[in-house]
Amino acid sequence: MPTLLLTGFEPFHTHPDNPSARAATALDGLDVGGMHIVSALLPVEPHSAGEALEALLERHGPGAVLLTGLAAGRPQVTLERVALNVMDFNIPDNAGNTYRDAPAHPHADAPPAYLSTLPLRPILSAWQIAGIPGHISNTAGLYVCNFVMYRARHWLMERGRGDVPCGFLHLPANAAVALAVPEDRPALPYLPQDEITRAVQVAAEVMAQGSRA
């Protein structure tokens, strides 16, 4: 059975939890649409995240790749359209480092951007049918989420597998993240974790159906 590689991130910055980690863990081992989900958690540090991601791609040779992460402050689940070959961090990563105007990939021939190969509109339609508000975003930011989307797409392209469905899904805060916001800061919009996990599962189901078609 083909593998759908699903990744989430560990907690980072001031957030005590990460809904992407919880969703990935909950869906690990699930069979959807003829594909088997294999989940993994990535560190919030670009170099180790890139090494871990490329090792997972090499090991599993997935037929689809769904990368997920937290975008605290966004009210809905969002599909990312593009990843840029840029790192420019507003907050430190979990190793305490920040990057300014740095490339996500050091090779001179690495392209400036990669578009998602996820079935964006079908996933959006499936969410609507399932009663899950969502939208398509034209910026994945310039933090580690953008980095791993870029590196996954580049790894696949270099190996002649650019047609593999691969892209990034940003998730809103869950209750644990929202509850951790200090009283003197603006409140975060959030979704219950079960609803966030359901959104990721619906996206995975659409990807699996598309790969079978």
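I looked up C145 and found it in helix α4, residues 144–158. Helices here are DSSP runs of H or I with at least four residues, strands are runs of E with at least two, and both are numbered from the N terminus. The model is predicted: local features need pLDDT of at least 70, side-chain atom pairs count only at pLDDT 80 or more, and totals for chains, interfaces and linings use all residues. Residues are numbered from 1 along each chain as its sequence is written, and side-chain values use heavy atoms, without hydrogens and water.

I checked the record next. UniProt, in an unreviewed entry, places "active site" at E80 and C145. Such annotations may be inferred rather than shown by experiment.

I then read accessibility. C145 counts as buried at 9% relative accessibility (buried is under 20% relative accessible area, 1.4 Å probe, protein chains only). Leaving out residues up to four places away in sequence, C145 touches F9, G69, A140, F168 and H170 (heavy atoms within 4.5 Å).

I turned to E80. E80 sits in strand β5, residues 77–80. E80 is buried at 0%. Beyond four places in sequence, its contacts include R74, S116, N138 and M149. The E80 side chain makes a polar contact with the S137 side chain at 2.8 Å (N or O atoms within 3.5 Å, one able to donate a hydrogen and the other to accept it).

Conventions:
Buried means under 20% relative accessible area, exposed over 50%, partly exposed in between (1.4 Å probe, protein chains only).
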